[in-house]
Amino acid sequence: MSSSASDSASSAAPFEKPRAVVKKLLAESQPEGQGATVRRSIGRHELRNLDPFLMLDEFSVSKPAGFPDHPHRGFETVTYMLEGAFTHQDFAGHKGTIKTGDVQWMTAGRGIVHSEMPAGDGVQKGLQLWINLSAKDKMIEPRYQELESKDISRGERDGVEARVIAGEALGAASPVYTRTPTMYVDFTMRPGSRLHQPVPEGWNAFVYVVDGEGVFGRDKAAPTAAHHCLVLGPGDGLSVWNRSDRPLRFVLVAGKPLGEPVVQHGPFVMNSRAEIQQAMEDYYYGKNGFERASQWSSSSA
């Protein structure tokens, strides 16, 4: 988004084509990983995907549950810690712990095998978003972008605070490089505040409510509470009002659609059944990016 677009994000800026909520989905709990439970919204049969987004999970995990060794190919995972900490290890020797407010942006590319496990006692909470990669990027080398909470850009205006994970909002811009063009902003709105946030036209967008309740899209819309995913229709921006007596926290995510076929088999996301078959074969036989898969296991395995 251009700086002029973000500069126009003041609480008084109307939109020519305001985005309305076209689908509302409660993220329901389901088992995932090893003894873990997630609230999934994008990725369920009611919302199989929202190009370029493949999945959104809100996880709430305590030891010994977690997400032990598993592969990925063909997309990116963005893990954002809301509370607690998670430790990540992969077969290339990358290891680290992300804590409350930290972000890990992992490009799986041609292949990663990794584990994601709780790092502390008690409940560890966060969001994990899967973002598809275009056909030309699916077999690139894996890479990581990790941001500590203190390094995430922040903007504040008229009772609204933005933590900018990707893109721009309220005059703040993220340093994260998004191979698939993406904006990802964590907003907190004080009671009585309102927000008018530009969103690039032509991009698909959604809101996930983390805490509190708010009015999204239309001034007269009914309030939406926590754990709901709201798919937004076309337009140039989103308006939000917090008419409750406590803070509202939500993430606004938008991405440029790839417009390509999506064929998914568990942790592999490609463009054709043949490519999925190849990914399964590569993982099984340890080739084309999975050479280290058979010799490696994480310390949590």
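Ala, Val, Leu, Ile, Met, Phe, Trp, Tyr, Cys and Pro count as nonpolar, Asp, Glu, Lys and Arg as charged, and the others, Gly among them, as polar. The model is predicted, with local features needing pLDDT of at least 70 and side-chain atom pairs counting only at pLDDT 80 or more, while totals for chains, interfaces and linings use all residues. Residues are numbered from 1 along each chain as its sequence is written, and side-chain values use heavy atoms, without hydrogens and water.

**View 1. The largest pocket.** A pocket is an open set of points on a 1 Å grid over the protein atoms alone, with protein on both sides within 12 Å along at least five of seven lines; lining residues have an atom within 4 Å of a point. The volume, meaning the space filled by probe spheres set on points joined across faces, edges and corners, is about 490 Å³. Among the 24 lining residues, Glu32, Arg40, Met55, Asp57 and Trp130 are the closest to the centre. The lining has 10 nonpolar, nine polar and five charged residues.

View 2. Of its 13 lining residues, Glu58, Phe59, Ser60, Lys125 and His227 lie nearest the centre. S3, S4 and strand S6 (75-83) each give at least two residues to the lining.

**View 3. The largest cavity.** A cavity is a set of grid points where a 1.4 Å probe fits but cannot get out. The volume of the largest cavity is about 80 Å³. Its lining includes Thr79, Phe86, His88 and Glu146.

Technical notes
Helices (H or I, at least four residues) and strands (E, at least two) are DSSP runs, numbered from the N terminus.
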